[in-house]
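Here are my notes on this one, in numbered points. Have a look at the model first, then read on.

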Amino acid sequence: MSGKYSDIHIEWQSEITAKMGYGLQARRMLKPLIEGGANVKLIPDEDYLPEHMKLVDPYWTNLIDSSKIKPDAPIRICYALPPRYKPDPNKITIGYTMWETNKYPRPWVQHINATCNYFFAGCDALVDSGIGGGITCPILPMSATLDTEDWKPEGPKLNLNEIPEEDVKFLFIGNFIPRKNLDQLVLAFATAFEGVRDVSLIIKTWASKNDAKAKKHIADAIKHLTNKATGLASRPKISVICDILDEDQIMALIRSCDVYTSVSKGEGFDLPMMQAMSMEKLIVTTRFLAHGDYLTDENSIDVPFSLTPCVDAAAPLYDSYQLWSSPDMGEYIKKLQLAYTATRSGTHKHLGVEARKTIQSKYSPDVNTDILANTIRDIRAGKHVPPKQDFKQSLKQLA
């Protein structure tokens, strides 16, 4: 790959060392680009992050330090929340932000339209969310990268002491926020497996603070959600992991489970889902937004859903002019039961195999880095020119 991207010269403003979210995705996208010869000037934007959420890695520390003396580039990609964009009027500015409903928020759209020449949407479906939200500059899909050679089925497993080895293990990974829809996940799981002894649900979640109080709040809240499933003869086992795990531990956790399930109300990418697919796990979920980009009948078990206005998000910018998904709970219960019986009988292993093939073919570093590089080349060459702007002329001026 050496020299393959040596013609790429960009600036990248983003979280760089964040353990999760934008920082994690930025590193996945940038490393193969840089190692392929691209000249990338890093503009870190992460002073607001708590120290326990930052990665200490000499590779990225050195790149950040060396970026301070690198020359400016004609293109700046702002991979952050729109209010944090740092555009330069003398450069081509590309905004790059994920979202989880059928329309980007109006305040963000105003900011994007005022500052960006182009906009990268995190998946194909989010292009429609950008158009529906009113973004007026060219919108191009740009998915993040997953190293499928690291996220493979073979390798160590995590020792789940409280879960019997013979159990069919369902897994969910996500932060503890209403959008992840843990209440319906837990309720469906408890109902689907009333009286079933050899099944477990492992919930790997976290809060904004990684302290004992936050962990107790999560444990108490999930216990409360479980108790909403009333009148059952007995409930299946539900185990909660609140600790921050490193990447190797997350890999081992996913390998230890049989089924990955989620009924999140919306995802712009869903990294844990794709990691589980890359490790050949059976997937049970809806196909809203990003899920529709990579889930098919050949690689997963589908859960029907309807669209409903955003309410009770407990977060800003999710408003009722936007829609997100709500699962058909009766069907979700049936599909969880199908996944259990399929795992027991071994009848659906082909879905996991096809899931890995999908991720390899669409999101591996070789594929995705080429897409990113070629999109930058197209923009540099004047393709997708925004209305009333001549970017070939702009690039001549910048040169």
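1. Ground rules first: I call two strands paired if DSSP finds at least two bridges between them. Helices (H or I, at least four residues) and strands (E, at least two) are DSSP runs, numbered from the N terminus. This is a predicted model, where local features need pLDDT of at least 70, side-chain atom pairs count only at pLDDT 80 or more, and totals for chains, interfaces and linings use all residues. Residues are numbered from 1 along each chain as its sequence is written, and side-chain values use heavy atoms, with hydrogens and water left out.

2. Start with strand β11 (residues 282-285). Two bridges join β11 to strand β12 (residues 301-302) in a parallel arrangement, with V284 standing opposite I301. β11 also pairs with strand β10 (residues 259-262), again in the parallel sense, over four bridges; there, V259 has L282 as its bridge partner. Between β10 and β11 the chain passes through helix α8 (residues 271-278), and this β-α-β crossover is right-handed (clockwise from the first strand over the helix to the second, with the strands pointing away from the viewer).

3. Are the faces of β11 covered or open? Both are covered: L282 and V284 on one side, I283 and T285 on the other, are all buried. Buried here means under 20% relative accessible area, against over 50% for exposed and partly exposed in between (1.4 Å probe, protein chains only).

4. Next, helix α7 (residues 247-256). Seven of its ten residues are buried, so α7 is largely enclosed by the rest of the structure. Among the buried ones are I250, M251, L253 and also R255. The buried residues of α7 pack against β7 (168-173), β8 (199-204), β9 (237-241) and α8, taking contact as heavy atoms within 4.5 Å.

5. Now the rings. Rings of Phe, Tyr and Trp (its six-membered ring) pair if their centres lie within 6.5 Å; planes under 30 degrees apart count as stacked, over 60 as edge-to-face and the rest as tilted. That rule gives 17 aromatic pairs. W12 and Y96 form an edge-to-face one, 6.4 Å centre to centre with 80° between the planes. W12 lies in strand β1 (residues 9-14) and Y96 in strand β4 (residues 92-97), so the pair ties together parts 84 residues apart in sequence.
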